[in-house]
Amino acid sequence: MKKKIMEAEVLSNTEIAPGIFRMSMYVTEAAAAAVPGQFINIYLNDKSLILPRPFGICEADASEGTIDIVYQIAGQGTREMSEAERGTVFRIAGPLGRGFDLTVFSDEISGTGASGRSAMIIGGGVGCSPLVFLAKTLRKMGINTTAVLGFRKEKFLVDEFRNADCRTLVTTDNPDEDSFLGTVVDCMRVTEAEADEYFACGPGLMLAAVDKYIKERADDSRLQVSMEERMGCGYGVCMGCSIAVKIKDESGNIVRSHRRVCSDGPVFKGSEVIWRG
Ligand SMILES: Cc1cc2nc3c(=O)[nH]c(=O)nc-3n(C[C@H](O)[C@H](O)[C@H](O)COP(=O)(O)OP(=O)(O)OC[C@H]3O[C@@H](n4cnc5c(N)ncnc54)[C@H](O)[C@@H]3O)c2cc1C
Ligand code: FES
């Protein structure tokens, strides 16, 4: 796979919750090509930080030529990003990876489908970010969508899901009139919310718990998970981002194998992933 580096100019960079920023960048080529679930790699201007940093695409507007990401300060790289002002230029690569598979709604895509197909979006913390792009795309396709969003203390991006016509359920450790106490799985269990297809992004433990819950009631091949793994090259060469998966060999036996999050993913079927722990 070839990597193409382009320049992205920061248009805005706003703190939307403590330590969480939304950055909008002008980068027309990437904005025109992006689909939900893909990510970009940002090369930092501090040259001591050699490896690019990956971020899911929260919004891509082809007509404006912009891509938005939402990121949490995690270390030196994201700290540099948080200090970037309007006009700062970063080198980026993207859109990268395979996004969510929406061919499961192919009847809706072609406009011939019966209405009433449903999706459930399950997000945790900054993992909610790429699901905003997905929610907006599902709305355009006419899919009936529920979003179950989990946060520790501060909520963010919730209105984006409401504005995308999602029935939006929120869980936090710090509940108020707008949110439940508990995890996203607690919320799914209590509300007995179900859908034709499930899409999840968030911490690994959350994704494993969602997969387990869906397997109890349905087939986890109907769950698509966006996986996060430490990355090196970011475009399929170093194998640094491999995860363990189950695949069928030539004789049809299920065997253990590996897939690269950066280029085979980041989106996988829940039923493919060998969950840790
Ligand atoms: C496909 C993908 C999408 C992501 N999307 C988002 C997002 O939308 N918002 C967000 O806040 N974060 C996201 N992350 C995590 C984000 O890339 C890391 O938090 C960030 O790289 C940390 O960089 P740093 O220099 O601040 O931290 P440092 O700890 O200094 O980073 C050191 C090294 O570890 C890597 N690294 C550190 N944490 C992670 C991690 N959790 N996952 C992968 N690599 C990591 C960095 O790339 C870097 O090479 C995503 C990760 C992946 C793999
Ligand atoms: S990060 Fe190098 S192969 Fe995925």
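Colleague: How far does a backbone N or O atom of Pro54 lie from an oxygen atom of ligand 1?

Modeller: Heads-up: this is a predicted model, where local features need pLDDT of at least 70, side-chain atom pairs count only at pLDDT 80 or more, and totals for chains, interfaces and linings use all residues; side-chain values use heavy atoms, leaving out hydrogens and water. Residues are numbered from 1 along each chain as its sequence is written, while chains are lettered from A and ligands numbered from 1 in the order in which they are written. A polar contact is a pair of N or O atoms within 3.5 Å. For Pro54, the distance is 2.6 Å.

Colleague: How much of ligand 1 does the protein bury?

Modeller: Polar side-chain atoms reach oxygen atoms of the ligand too: Thr78 at 2.5 Å and Arg230 at 2.6 Å. Taken alone, ligand 1 exposes 830 Å² (Shrake-Rupley method, 1.4 Å probe). Of that, the protein buries 83%.

Colleague: Which element gives the largest share of the shell around ligand 1?

Modeller: There are 19 residues around ligand 1, a residue being near if one of its heavy atoms lies within 4 Å. Strands are DSSP runs of E, at least two residues, and helices runs of H or I, at least four. The largest share, four residues, comes from E4.

Colleague: What are the edge strands of the open sheet of seven strands?

Modeller: Its order is E11-E10-E9-E8-E12-E13-E16, with mixed pairing; two strands pair if DSSP finds at least two bridges between them. Edge strands pair on one side only, and here they're E11 (180-181) and E16 (267-269).

How values were computed
Polar contact = N/O pair within 3.5 Å; in protein donor to acceptor, adjacent residues only side chain to side chain.
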